Amino acid sequence: QVQLVESGGGLVQTGGSLRLSCTASGRALNSYFMGWFRRAPGKERELVAEIRWSTGSTYYRNSVKGRFTISRDNAKNTVNLQMNSLLPEDTAVYYCAARIFNMATPGYWGQGTQVTVSS
């Protein structure tokens with residue numbers, strides 16, 4: 001079992017920044033991809049960014065490239081999502097997730113944190 005606890009989020013104006021953090025416990029993460037998903041009202045959940053814990057390699061969806069940065073802190077077992085130049089379309093509930101390397105979908109999820117970008 002992997003437990004994920006998120007922090008951060010909130011309300012920000014267009015062009016502002018927020019930082020989300022997710023602290024994992026329960027298992028070593030070397031075999032996992034850690035990701036941030038989001039779900040906006042009336043839309044499907046989508047993968048925003050992902051990082052392979054063992055190598056640090058990253059993936060970003062096109063709409064956030066150049067604005068968001070995913071990173072990991074091995075000492076704190078934490079994955080962060082720095083979000084800059086936020087847009088109203090970034091408004092969503094953001095979820096931290098852990099996906100073991102040989103699985104297509106995450107097996108563990110955080111509780112979600114609301115990000116609201118006002119225009």
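These legends describe close-up views of a predicted model. Local features need pLDDT of at least 70, side-chain atom pairs count only at pLDDT 80 or more, and totals for chains, interfaces and linings use all residues. Residues are numbered from 1 along each chain as its sequence is written, and side-chain values use heavy atoms, with hydrogens and water left out.

**View 1. E6, a buried residue without a salt bridge.** E6 sits in strand β1, residues 3–7 (strands are DSSP E runs of at least two residues, numbered from the N terminus). Buried means under 20% relative accessible area, exposed over 50%, partly exposed in between, with a 1.4 Å probe and protein chains only. A salt bridge puts a side-chain nitrogen of Lys or Arg within 4 Å of a carboxyl oxygen of Asp or Glu. The nearest side chain of opposite charge to E6 is R45, 10 Å away. Lys and Arg count as positive, Asp and Glu as negative; His and the chain ends are not counted. A polar atom of the E6 side chain lies 2.6 Å from the backbone nitrogen of C96. For the backbone nitrogen of G112, the distance is 2.5 Å.

**View 2. The R38 and E46 salt bridge.** The closest N and O atoms are 2.7 Å apart. R38 is buried at 5% relative accessible area. E46 is partly exposed at 25%.

**View 3. The R99 and E50 salt bridge.** The N to O distance is 3.0 Å. R99 is in strand β9 and E50 in strand β5, 49 residues apart. Both are buried.

**View 4. The R67 and D90 salt bridge.** N and O lie 2.8 Å apart. Both residues are buried. Salt bridges with shared partners join R38, E46, R61, R67 and D90 into one network.

Definitions and conventions. Helices (H or I, at least four residues) and strands (E, at least two) are DSSP runs, numbered from the N terminus. A polar contact is a pair of N or O atoms within 3.5 Å; within protein, one must be able to donate a hydrogen and the other to accept it, and residues adjacent in sequence count only if both atoms are side-chain atoms.
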